[in-house]
Every structure is written in structure tokens, then in C-alpha cells.
Amino acid sequence: MFSLRLSQEEITKRQNIFVFLPADLKSAIMSEETADKLYNVSWGKFKLEKEKQRIVSFTTGEVMIGIVKLENFSKTLQDRLEIDQITA
């Protein structure tokens, strides 16, 4: 399964991207509302275990900061969660 562990280089890269994001996007990424929505989908709808919920949140964050392109979101989730295309 996909690992959420990042190298120091990757952490620094993400921090540098985050610093330059618009304030409203930073707020959306860090908001409780966003976290609740992700939880409602990953657990409420799909009953994903905790580790897979974390992967969904992590990947969503990568889309929001531009590391994963939106058009690749479904395929990235499919690969990382080891799920079928329809579920992703």
C-alpha cells in the first residue's frame, strides 16, 4: 500500500508550495469543513479503514496544492488505495 512517509526534501517542497497559495485556498485545505467532507465520503460512504482515509485526505491535499493534477485524481486514488476504477 502507498506510504504517507515523505522525505525531508518532499516536506520542504510542499511547504514552499503552500506558502505561496492564496489565503482562501490555504484556509480550505486546513478547514474543519473540508476534513468533515472527506471523512463523510471516505468513511460514511465507502467505509474505508483509517489508513485509506488518510491516503484520500493526503491525495486530496496534493490536488489542492497542484502536485497531483485533478484529471489524475481518480487514477491516483485507484493506485494508492488498490481499488477498482469505479470506486475511485
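Predicted model: local features only at pLDDT ≥ 70, side-chain atom pairs only at ≥ 80, totals over all residues.
The side chains of aspartate 79 and lysine 75 meet in a salt bridge, with N and O 2.8 Å apart; a salt bridge here is a side-chain nitrogen of Lys or Arg within 4 Å of a carboxyl oxygen of Asp or Glu. Residues are numbered from 1 along each chain as its sequence is written, and side-chain values use heavy atoms, leaving out hydrogens and water.

**The opening pair, in helix 5**

- Aspartate 79 and lysine 75 both lie in helix 5, 4 residues apart, about one turn of the helix; helices (H or I, at least four residues) are DSSP runs, numbered from the N terminus.
- Aspartate 79 is partly exposed, with a relative accessible area of 46%, and lysine 75 is partly exposed at 46% too.
- To read those words, take buried as under 20% relative accessible area, exposed as over 50%, and partly exposed as in between (1.4 Å probe, protein chains only).

**A network of charges**

- Side chains of opposite charge can pair when their charged atoms come close.
- Glutamate 62 forms a salt bridge with arginine 80, and their closest N and O atoms are 2.5 Å apart.
- This pair links distant parts of the chain, since glutamate 62 sits in helix 4 and arginine 80 in helix 5, 18 residues apart.
- Glutamate 62 counts as buried at 4% relative accessibility, and arginine 80 counts as buried at 13%.
- Arginine 14 has a salt bridge with glutamate 10, where the closest N and O atoms are 3.1 Å apart.
- Both arginine 14 and glutamate 10 belong to helix 1, 4 residues apart, or about one turn of the helix.
- Arginine 14 is buried, with a relative accessible area of 14%, whereas glutamate 10 counts as partly exposed at 24%.
- Salt bridges that share partners join Glu10, Arg14, Glu62 and Arg80 into one network.

**Helix 4 and its neighbours**

- Helix 4 covers residues 50–65, which makes 16 residues.
- From its first C-alpha to its last, helix 4 reaches 23 Å, close to the 22 Å expected at 1.5 Å a residue; the expected span is 1.5 Å times one less than the number of residues.
- Its buried residues include Lys52, Ile55, Val56, Phe58, Glu62 and Ile65.
- The buried residues of helix 4 pack against helix 1 (8–19), helix 2 (23–30), helix 3 (32–45) and helix 5 (73–81).
- Just after helix 4, glycine 66 takes a positive phi of about 90°.

**Lysine 52, a buried charge**

- Which part of the structure holds lysine 52? Lysine 52 lies in helix 4.
- Lysine 52 is buried yet has no salt bridge, and the nearest side chain of opposite charge, glutamate 49, is 5.2 Å away; for charge, Lys and Arg count as positive and Asp and Glu as negative, while His and the chain ends are not counted.
- The side chain of lysine 52 does reach the backbone oxygen of leucine 81, at 3.1 Å.
- Lysine 52 touches Met1, Leu81 and Ile83, not counting residues up to four places away in sequence; contact means heavy atoms within 4.5 Å.

- Glutamate 9 lies in helix 1 and counts as exposed at 66% relative accessibility.
- Glutamate 9 and lysine 50 are 41 residues apart in sequence and 26 Å apart in space, C-alpha to C-alpha.

Technical notes
Helix = DSSP H or I, 4+ residues; strand = E, 2+ residues; numbered from the N terminus. Polar contact = N/O pair within 3.5 Å; in protein donor to acceptor, adjacent residues only side chain to side chain.
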